[in-house]
Amino acid sequence: MYASKISGLGYYVPDNIVTNDDLSKVMDTNDEWIQERTGIKERRHVIPNGEDSTTTMGVKAARIAIERSGLSTDDIDFVVFATLSPDYYFPGPGVMVQKELGLRTVGALDVRNQCSGFVYALSVADQFIKTGMYKNVLVIGSEVHSKGLDMTTRGRGVSVIFGDGAGAAVLSRTEEEGKGILSTHLHSEGEHAEELALIAPGMGKRWVNDIVKDNDPDDTSYYPHMNGQFVFKNAVVRFSEVIMEGLQTNNLEVADIDMLIPHQANLRISQFIQHKFKLSDDQVYNNIQKYGNTTAASVPIALTEAWEKGKIKEGDTVVLAAFGSGFTWASAIIKW
């Protein structure tokens with residue numbers, strides 16, 4: 001059986017910086033309140049009617065990743081695109097990437113696992129490579145949250161958290177022993193699905209026809225809902241579990257972690273995990289302060305930044321971990 005390694009990384013975020021002070025002008029909030037609860041100082045939002053979308057940002061991140069991999073678009077055998085914010089209800093953005101990058105008529109798969117989406121997508125790509133089906137798989141996580149947030153005081157508990165951006169990785173076949181993705185671990189608990197969810201539009205409860213017919217200005221079903229405290233309590237438990245699961249599978253200890261890249265959900269969650277595992281600041285990479293929670297894009301953006309800054313080196317053990325809506329959670333153990 002083959003192994004897969006990350007041969008290229010890239011990310012893209014919109015130029016438009018939205019600070020906490022900017023948000024305080026449109027809702028009852030302030031910089032101190034936001035930083036105390038989330039650690040976020042600013043985030044990026046696409047410009048309305050601008051060129052940035054979930055697909056185009058994913059394409060920009062992908063071009064960088066492909067170039068850094070030393071491959072060409074002709075070498076890409078498959079696309080896996082993770083997002084909760086596709087340009088269209090259907091089709092998904094995977095096929096749009098195939099078009100925009102001018103790829104061969106390769107397969108394109110969309111993953112809808114929200115905050116853990118990129119790690120899930122990475123796992124899917126890893127399986128395709130390990131079985132010998134593909135040599136090079138493009139994996140993208142991209143999100144546009146800003147167009148779907150309630151940017152009023154009513155929605156501040158959620159809207160201050162999320163930002164827009166994209167990250168990408170190229171997974172390539174390798175025959176180097178003990179290198180690349182060592183294992184991935186995926187979990188879900190649908191019992192708590194509606195604790196962090198966007199209900200409408202959806203065929204189950206409220207579709208577009210219902211929203212238009214009622215024309216109810218107080219209908220919040222098409223805005224994200226989050227039970228923040230409940231999500232936090234579950235996140236810190238599941239983060240710990242799935243990280244330990246990955247380490248134990250590979251006969252590793254916490255001390256073997258050279259770099260932990262957690263999903264950037266909330267700086268307080270990352271700090272809790274860091275403290276629990278007694279990891280130093282040099283062993284954990286956080287950038288939620290600059291970008292907010294970019295859901296499926298957060299892990300690849302942080303991973304790329306850490307690598308660009310020289311914080312990830314040849315031979316390092318890198319751990320990716322994520323938890324979010326679904327509830328779903330996942331980890332990946334990588335030998336760089």
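Arg 68 and Glu 308 are joined by a salt bridge between their side chains, with 2.9 Å from N to O. This bridge ties together distant parts of the chain, since Arg 68 belongs to helix α3 and Glu 308 to helix α11 (residues 298–308), 240 residues apart. The model described here is predicted.

**Salt bridges**

- The structure holds 18 salt bridges.
- Arg 156, at 28% relative accessibility, is partly exposed.
- Asp 150 and Arg 154 form a salt bridge through their side chains, at 2.7 Å from N to O.
- Within this pair, Asp 150 is buried at 5% relative accessibility, whereas Arg 154 is partly exposed with a relative accessible area of 46%.
- Arg 206, Lys 213, Asp 214 and Asp 219 belong to one network, joined by salt bridges that share partners.

**Nonpolar cores**

- The largest nonpolar core consists of 35 residues, and Leu 122, Ile 261, Leu 303, Val 318 and Leu 320 have the most contacts inside it.
- Helix α5 (residues 117–130) contributes the most to this core, with 7 residues.
- Another core, of 24 residues, lies apart from the largest one and includes Ala 265, Ile 273, Ala 321 and Phe 327.
- Leu 303 is in contact with Ile 6, Leu 9, Ile 261, Ile 312, Val 318, Leu 320 and Trp 336, leaving aside its neighbours within four places in sequence.

**Helix α3 and Ala 61**

- Ala 61 is located in helix α3, the helix that also holds Arg 68.
- With a relative accessible area of 0%, Ala 61 is buried, because the limit for that term is under 20%.
- The C-alpha atoms of Ala 61 and Ala 168 are separated by 5.5 Å, although the two residues are 107 residues apart along the chain.
- Ala 168 is also among the residues that Ala 61 touches, together with Gly 10, Tyr 11, Tyr 12, Ala 166 and Gly 167, not counting residues up to four places away in sequence.

**Helix α4**

- Pro 93, Gly 94, Met 96, Val 97 and Gln 98 are buried in helix α4 (residues 93–100).
- The buried residues of α4 pack against helix α3 (54–69) and against strands β4 (78–82), β5 (107–111) and β6 (136–143).

- At the start of α2, a side-chain oxygen of Asn 30 comes to within 3.1 Å of the backbone nitrogen of Glu 32.
- Just after α2, Gly 39 takes a positive phi of about 85 degrees.

**Asn 250**

- Asn 250 sits in the loop between α8 (228–249) and β11 (259–262).
- The side chain of Asn 250 reaches the backbone oxygen of Gly 246 at 2.8 Å.
- Asn 250 is in contact with Leu 182, Ser 183 and Ile 333, leaving aside its neighbours within four places in sequence.

**A nonpolar surface patch**

- Tyr 89, Phe 90 and Met 203 make a nonpolar surface patch of about 440 Å².
- Met 203 lies in the loop between β9 (196–197) and α7 (208–214).
- Met 203 is exposed, with a relative accessible area of 62%.

Definitions and conventions:
Residues are numbered from 1 along each chain as its sequence is written. This is a predicted model: local features need pLDDT of at least 70, side-chain atom pairs count only at pLDDT 80 or more; totals for chains, interfaces and linings use all residues. Side-chain values use heavy atoms; hydrogens and water are left out. A nonpolar core is a set of buried Ala, Val, Leu, Ile, Met, Phe, Trp, Tyr and Cys residues joined through side-chain atoms within 4.5 Å. Buried means under 20% relative accessible area, exposed over 50%, partly exposed in between (1.4 Å probe, protein chains only). Helices (H or I, at least four residues) and strands (E, at least two) are DSSP runs, numbered from the N terminus. Contact means heavy atoms within 4.5 Å. A polar contact is a pair of N or O atoms within 3.5 Å; within protein, one must be able to donate a hydrogen and the other to accept it, and residues adjacent in sequence count only if both atoms are side-chain atoms. Patches are made of residues with over 30% relative accessible area and no salt bridge: like charges are joined within 9 Å, nonpolar side chains (Val, Leu, Ile, Met, Phe, Trp, Tyr) within 5 Å. Accessible areas come from the Shrake-Rupley method with a 1.4 Å probe; for residues, only the protein chains shown count as cover. A salt bridge is a side-chain nitrogen of Lys or Arg within 4 Å of a carboxyl oxygen of Asp or Glu.
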